[in-house]
Amino acid sequence: MFGKLTLDAIPFHDPIIMGAGAGVMLGGLALAALVTRLGRWRWLWTEYITSVDHKKIGIMYIVLALVMLLRGFADAVMMRTHQMIAVGENTGYLPPEHYDQVFTAHGVIMIFFVAMPFVAGLTNLIVPLQIGARDVAYPFLNSLSFWLTASGAALVNVSLVVGEFAKTGWAAYPPLSGIAYSPDVGVDYYIWSLQIAGLGSLLTGVNFFVTILRMRAPGMKLMEMPIFTWSALCTNVLIIAAFPILTVTLALLGMDRYLDAHFFTNDLGGSQMMYVNLFWAWGHPEVYILILPAFGIFSEVTATFSEKRLFGYRFMVWALVGITVLSFVVWLHHFFTMGAGANVNAFFGISTMFIAIPTGVKVFNWLFTMYRGRLHFTPPLLWTIGFIVTFAIGGMTGVLLAMPGADFVLHNSLFLVAHFHNVIIGGALFGYLAGLNYWFPKAFGFTLDERLGKASFWCWLVGFYIAFMPLYALGLMGMTRRLNHIADPAWQPWLIAASVGTAIIGLGVVLTVVQLVVSIRNRAQRLDLTGDPWNGRTLEWSMASPPPFYNFARIPEVYGIDSWNASKARGEQISPPADYADIHMPRNTAVGFVISGFLTAFGFAMVWHIWWLAIAGALGAVASFVWRAFDRDVDYMVPAAEVRRIEEAHLVRAGGEAR
């Protein structure tokens, strides 16, 4: 009845896992108790869980990313602490099989359940506002996309206490990920969590591609869109093109494991190199899926806090488009050492060097924007400056690794680990944190504490250099990746330094949490009554903070780049329209939440071979979707009188602030 699932699947013998599981459950119970005490269950259900409002969905994505950041960072702390002490006779405190699960979970969580939800969250929150739209093209699909991502995250966290996670590394190369070498359920958790979350990402890509192309405000031409919207458009093109590759790759791996299909083994004509090619044909565009939105954020932040239009707008747009195209012709540099041949290696090495050119263009765009600008050194701008320096180092080491000869020496070393984190933390994550500080008042109506924001930034920046620069040295000294025990005592001082850096980053994480808590507690003193606390340049700053559920009482007309800044320059103040009209809006629905519940049960059942539950979960998900497809009560009209009341209340608040 329960397939392979028995009580032995719960690791009672491992105090670390059981302690972590107990901590997660106690945290969940404490949160549930707090919501109950505040009487907020109905509010949570109606305002968030069943919401199709893109802003609420964006907030839920960001909350998911921050929660999973804590989980992924905890894994990083465990790895660094273990490596620091596992030298010579000391074997450390993590058994080898547990260590392997930790470093696999760390990579999977940070890529799929921190970075991807952060990208989707900021895109949801801001892009419809920037293009003058009332919502996204497919509001229900947007809700479903979030809950599918949350379902995948839930499966990863369930693996913490029921069974195990994969021991393969985040790329899950065969034959190690095949049934012969990984007979337990860890790889199955990997496959189903990524398949379900990947479907959510693909639906998000389609949704925003259509939204940006079809729902821009009248007059907003493509070459007049805000740069963040351009970065979102390029990102979603990459998602639409790349994520089906991952879906097929994981499906083939699943067929190898469940049906003995031999796509990725040497038996019966399969090839593990086909998996490597397919994985990185998705994997390198994925790197740019993570970094392009950060480029857009830095562009918006730089222009706003320099009080200047972004330098070289058209060059920036074409750089984004160039990266989007070139990202599909560089995947093989991830496995130069696999013997593809000199000509193939040369092509991919040269194309990798070419892709550094549009990236360098953007750095000069930001620097020239700041040149002779009126700089305001707020936390978002500090994150931007820290990024420029850090990402430049990561980019240079990437170009070094683009040379096949150098890559042959460095590929499987910690040099590559340092480079990857240099780009993803110093690039993508710094961008997301800049965006969080920049757009937080738009989402919630009050600003974040700047003093704590700056303290968090400096801890992240200093901690990053102390944590990852030693890894470059260790890579050059010959230390390979994925080691759970160190044979050479000469490496230990560098690993201790890296652990100290990780602790400083940990302080930055704590300060980020404290910043959020203190800002919420003191929100009455930090209210943004005008909707434009930074003197912004784009349309999201033209409305109340937080925006009304319909976004715009009247869809704006756009003339040129930075239209909101141009309106302020002409002396146009916030004023009500001559008349108000009824507004058509989508209804909330719980169907996305229900479908994700069924698919979570389906994924769990497929992991443990509980076939009756898998069938029930699949049928429940399909039936829920079909029911939604035939539901005609999916929208409603907001009366003009209600729109007038909301808009005039904002005008009164904004006017009081001005006086």
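Trainee: The charged end of which residue sits over the ring of Y48?

Mentor: This is a predicted model, where local features need pLDDT of at least 70, side-chain atom pairs count only at pLDDT 80 or more, and totals for chains, interfaces and linings use all residues. Residues are numbered from 1 along each chain as its sequence is written, and side-chain values use heavy atoms, with hydrogens and water left out. A charge sits over a ring if NZ of Lys or CZ of Arg is within 6 Å of the ring centre and within 35 degrees of the ring normal. At 5.2 Å from the centre of the Y48 ring, the residue is K56.

Trainee: How many aromatic pairs are there?

Mentor: Rings of Phe, Tyr and Trp (its six-membered ring) pair if their centres lie within 6.5 Å; planes under 30 degrees apart count as stacked, over 60 as edge-to-face and the rest as tilted. By that rule, the count is 53.

Trainee: What is the angle between the planes of W147 and F593?

Mentor: Their centres lie 4.9 Å apart. The pair is edge-to-face, because planes over 60 degrees apart count as such. The angle is 80°.

Trainee: Is W147 buried or exposed?

Mentor: Buried means under 20% relative accessible area, exposed over 50%, partly exposed in between (1.4 Å probe, protein chains only). F593 has 32% relative accessibility, so F593 counts as partly exposed. W147 has a relative accessible area of 12%, so W147 is buried.

Trainee: Which residue has R40 over its face?

Mentor: R40 lies 4.6 Å from the ring centre. The ring belongs to W43.
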